[in-house]
Amino acid sequence: MRSTDLSTPATVGADQDSRRQVAVTVLGLGAMGRALARAFLTAGHPTTVWNRTSGRADDLVASGAVAAADAEAAVSASRLVVVCVADNDAVRAVLDPVRGALRGRVLVNLTSTTPEQARLTADWAAEHGIEYLDGAIMVPTSMIGDAAALVLYSGSRPAFDRYQASLAAIAGDGDYLGPDAGLASVYDVGMLDIFFTGMTGFLHAAALVGADGISAGAFLPYAQRIGALVQQTMVELAADVDQRRYPGDQDNLEMELAAIEHIVEASAARGIATALPRLVQSAVEDAIARGHAQDGFSSVVEALRAGS
């Protein structure tokens, strides 16, 4: 299907790939914003860029981008507007003054925000006649434009359907999660929760075994094996959590608490910080206090849900 983007230059041939006919504006030229703009350029999109501080667009302009004089000119150049700035406050500082120019356009916010902030921005956009998509970039800048890159989207389904092919320029794997604009951010913080706690767990273990002279490299193959086991176990944990059933026929919290206490004791004996294993210990103890002593480890979710 051919694009009907009114901002597409007339010189673009009608027989070209539809996504190449879509003009796009990128607001914000930090490391991620620059990567996004370059990916759109590489895919053949007429690309307008703008940044609050000058000097960051020079190499993009040399590659074919148009540097707008101000944010309003940048927004006016394209029907598809992508914003990627430092935080939610920066989003509003950039967009509030140009809300009139944004009316009738599609705004894709790829700034990292909380679910609550995303929903408030969606309400603001609806109030001003702006179609809104919130996005969560789940890869580093080096992967932007890669077919294996993942970006999660939520918000306006019509906007996603209209520009899905164009957005594929920045990430081949673009998943639409639903009309609630906060969903992309919900998935984002959930995935990052696993990522950062997982990395911290490995680093704590590396410090623990390192105190006995074992290098992280020597420990790595064993860490990877236990990591693979965790990945397999998540399938069972997800089923337990959704069904709120926590079978303890193969293990139970009373047994597992003893192993967790060993981690705390061994860490303390070596002068290694105990905050992380003590946090796990506290959650398990709370679940036991709630009557889950003979249930499986998945029952810890009940203590976490209670805000312990």
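Ala, Val, Leu, Ile, Met, Phe, Trp, Tyr, Cys and Pro count here as nonpolar, Asp, Glu, Lys and Arg as charged, and the others, Gly among them, as polar. The model is predicted, so local features need pLDDT of at least 70 and side-chain atom pairs count only at pLDDT 80 or more, while totals for chains, interfaces and linings use all residues. Residues are numbered from 1 along each chain as its sequence is written, and side-chain values use heavy atoms, with hydrogens and water left out.

By these classes, the lining of the second largest pocket has 14 nonpolar, three polar and one charged residues. A pocket is an open set of points on a 1 Å grid over the protein atoms alone, where a 1.4 Å probe fits, with protein on both sides within 12 Å along at least five of seven lines; lining residues have an atom within 4 Å of a point. This one holds about 410 Å³ of space, the volume being what is filled by probe spheres set on the points, which are joined across faces, edges and corners. Of its 18 lining residues, I137, M138, V139, D188 and L192 are the closest to the centre. Two elements, β6 (131-137) and α8 (183-210), each give two or more residues to the lining, and α8 gives the most, with six. Helices (H or I, at least four residues) and strands (E, at least two) are DSSP runs, numbered from the N terminus.

α8 also packs against α9 (residues 216-243), at an angle of about 130° and with the axes 10 Å apart. Axes are lines fitted to C-alpha atoms, for helices over the stretch in contact, and angles run from 0 to 180 degrees between N-to-C directions. The two helices are therefore oblique to each other, since angles under 35 degrees count as roughly parallel, over 145 as roughly antiparallel, 65 to 115 as roughly perpendicular and the rest as oblique. F202, A205, A206 and V209 of α8 meet A216, F219, L220 and A223 of α9, contact meaning heavy atoms within 4.5 Å. These contact residues divide into eight nonpolar, no polar and no charged.
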